[in-house]
Amino acid sequence: MVPGPGLPASLALCGPRARAAAAAAAARDLRAPERAAPGTLLLLLAYLAYLALGTGVFWVLEGPAARDSSARFQRDKWALLRNFTCLDGPALDSLIRGIIQAYQSGDIVLGNTTSMGRWEFVGSFFFSVSTITTIGYGNLSPRTMAARLFCIFFALVGIPLNLVVLNRLGHLMQQGMHRCARRLGGTWQDPAKARWLVGSSTLLSGLLFFLLLPPLLFCHMEGWSYVESFYFAFITLSTVGFGDYVIGMDPSRRYPLWYKNTVSLWILFGMAWLALIIKLILSLLETPGRSYSYHHSSKENFKAQSWRQSPDGEAEPSSPQPGCSPEEPMGIIQHPEPSTQVQCSGEGN
C-alpha cells in the first residue's frame with residue numbers, strides 16, 4: 001500500500017486503524033503551533049503589563065524622593081558657597097567630581113583612610129565571585145585595559161561554569177528532597193503527604209538559613225537595619241545586584257578576613273537554593289509538553305501495550321492498536337514536534 005501524503009512510509013506496514021490514529025496524531029502536532037501562538041501572545045502581554053506595573057509603582061514612589069534629594073543637594077551646595085566665599089562654583093564642582101571618581105576607584109578621602117583594600121586578595125576574590133555569578137554590584141570595576149580584557153574572557157568562561165555548579169548543587173538538593181520523601185512515604189504509607197512535608201521543610205529551612213539568619217550577621221558587621229540587611233540578601237541571591245548596599249564598604253569599620261569569604265559561600269549555596277525554588281515555581285506555572293515513549297525488554301516477556309496520557313498528565317498503559325501484530329517488537333514514539341513515527345512488524349490488513 002502506498003502511504004498518503006504527509007504520512008511516513010512505515011505506516012504501510014500497519015492496519016487501517018493504526019494508520020488513522022497516526023494520521024490524527026500528525027494533524028494534532030501540525031495544529032500545535034497554531035494553538036501555542038495565542039498562549040505566547042497572552043504571555044507577552046502579561047509580561048509587558050507586569051513591567052508597566054513596576055514602572056508605575058517605582059515612578060510614583062521614587063520620583064518625589066529623587067527630586068527632593070536633588071533639591072537638597074543644590075541647597076547645601078549654594079549654602080557652602082555663600083559661607084565660604086573663597087570657593088567658586090566650578091572649583092566646587094571639580095572637587096565633587098574628584099570625590100566621586102575616588103570613591104568609584106576604591107579610595108576614601110574621609111579622615112586618614114585612603115583605601116578600603118578593594119583590590120587586595122580578599123576584595124579581588126569577592127569581585128570575581130560577583131562577576132561570574134552575574135550579580136555585578138557596580139560599585140567596583142576594572143580601570144586598566146588589561147584587566148578589562150581579562151574580565152571579558154574570565155566572565156565568558158566563568159558564567160557557564162557557575163551555571164553548571166549551581167545546577168549540580170540544585171540537583172543534589174533535589175535528590176536529597178526526593179530521598180527524604182521516599183523514606184517518609186514508605187514509613188507513613190502516604191507519599192503525597194511526605195512530598196508535601198519535605199517540600200515545605202526545604203522551603204522553610206532555606207528561608208531560615210539563606211534569607212532570615214544572614215541579615216543578622218549583616219546588621220552586626222555593617223550597622224544596617226534588619227530590613228536593609230534582608231533587602232541586600234534577596235537582591236544579592238536573585239543576582240539583581242543594584243549596588244546600593246554592598247558589604248565591606250564602610251571605611252570606619254574593620255572587617256575580619258573570614259567575612260567576605262563566608263559571604264561568598266553563602267552567595268553560592270543561596271543562589272543554588274533560590275534557583276531550586278524558582279524551578280519549582282516555574283514547574284507550577286508552565287504547562288508541560290506531551291511526551292510519550294514505549295519500549296519492552298524481550299520477545300519472550302512481550303505484552304503488546306502502548307502509552308496514552310491520562311487527564312492528570314501521567315502516562316497510562318492501554319491496549320494495542322488493531323492491525324499491528326503483537327508477535328514482534330513494536331515501537332511507538334510521539335513528541336511535541338510535528339512528526340510521528342510508527343513501526344509495526346507483521347502483516348497488516
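Which residues does Q174 touch, not counting residues up to four places away in sequence? In this predicted model, Q174 is found in helix α4 and touches L276 and K279, when residues up to four places away in sequence are not counted. With a relative accessibility of 19%, Q174 counts as buried, because the term covers residues under 20%. The surroundings of this residue are taken up again below, after an outline of the chain.

The chain has eight helices and four strands. The chain comprises 349 residues, of which 26% count as buried. Among contacts with a separation of 6 or more, 55% are accounted for by residues 24 or more positions apart.

Helix packing was examined for α3 and α4. Two packed helices are described by the angle between their axes and the distance between the axes. Helix α3 spans residues 121-132 and helix α4 spans residues 145-188. The two pack at an angle of about 65°, and their axes are 8 Å apart. The crossing in which α3 passes α4 is right-handed. On the α3 side, the contact is made by F127, S128, T131 and I132. These residues meet C151, F154, A155, G158, I159 and N162 of α4. By residue type, the contact of α3 with α4 divides into six nonpolar, four polar and no charged residues.

N162, one of the α4 residues in this contact, is buried, with a relative accessible area of 7%. Leaving aside residues up to four places away in sequence, N162 touches I132, T133, L268 and M271. Of these, I132 belongs to α3, while L268 and M271 fall within the range of α8, residues 257-285. The contacts of Q174, L276 and K279, also fall within the range of α8.

The loop between α3 and α4 contains T134. This residue has a positive phi of about 60° although it is not a glycine. At 41% relative accessibility, T134 counts as partly exposed. A positive phi of about 60° is also found at T239, again not a glycine. T239 lies in the loop between α7 and α8 and is partly exposed, with a relative accessible area of 25%.

Aromatic side chains were considered next. The count comes to 13 aromatic pairs. In one of them, W224 and Y245 are arranged edge-to-face, at 5.2 Å centre to centre and with 80° between the planes. W224 is buried, with a relative accessible area of 15%, whereas Y245 is partly exposed at 22%. In another pair, the rings of Y255 and Y259 have their centres 5.7 Å apart and their planes at 5°, so the pair is stacked. Y255 counts as partly exposed at 23% relative accessibility, and Y259 is buried, with a relative accessible area of 1%.

W224 and Y245 also take part in an aromatic cluster. The cluster is formed by these two residues together with F126, Y137, F218, Y231, F232 and W266.

Charged side chains were examined last. Side chains of opposite charge can pair when their charged atoms come close. The count comes to one salt bridge. R253 forms this salt bridge with D250, and the closest N and O atoms are 3.4 Å apart. The pair qualifies because the cut-off for a salt bridge is 4 Å. R253 counts as partly exposed at 34% relative accessibility, and D250 counts as partly exposed at 26%.

Definitions and conventions
Residues are numbered from 1 along each chain as its sequence is written. This is a predicted model: local features need pLDDT of at least 70, side-chain atom pairs count only at pLDDT 80 or more; totals for chains, interfaces and linings use all residues. Side-chain values use heavy atoms; hydrogens and water are left out. Axes are lines fitted to C-alpha atoms, for helices over the stretch in contact, and angles run from 0 to 180 degrees between N-to-C directions. A crossing is left-handed if the near helix is turned anticlockwise from the far one by less than a right angle, and right-handed if clockwise. Contact means heavy atoms within 4.5 Å. Ala, Val, Leu, Ile, Met, Phe, Trp, Tyr, Cys and Pro count as nonpolar, Asp, Glu, Lys and Arg as charged, and the others, Gly among them, as polar. A salt bridge is a side-chain nitrogen of Lys or Arg within 4 Å of a carboxyl oxygen of Asp or Glu. Buried means under 20% relative accessible area, exposed over 50%, partly exposed in between (1.4 Å probe, protein chains only). Rings of Phe, Tyr and Trp (its six-membered ring) pair if their centres lie within 6.5 Å; planes under 30 degrees apart count as stacked, over 60 as edge-to-face and the rest as tilted.
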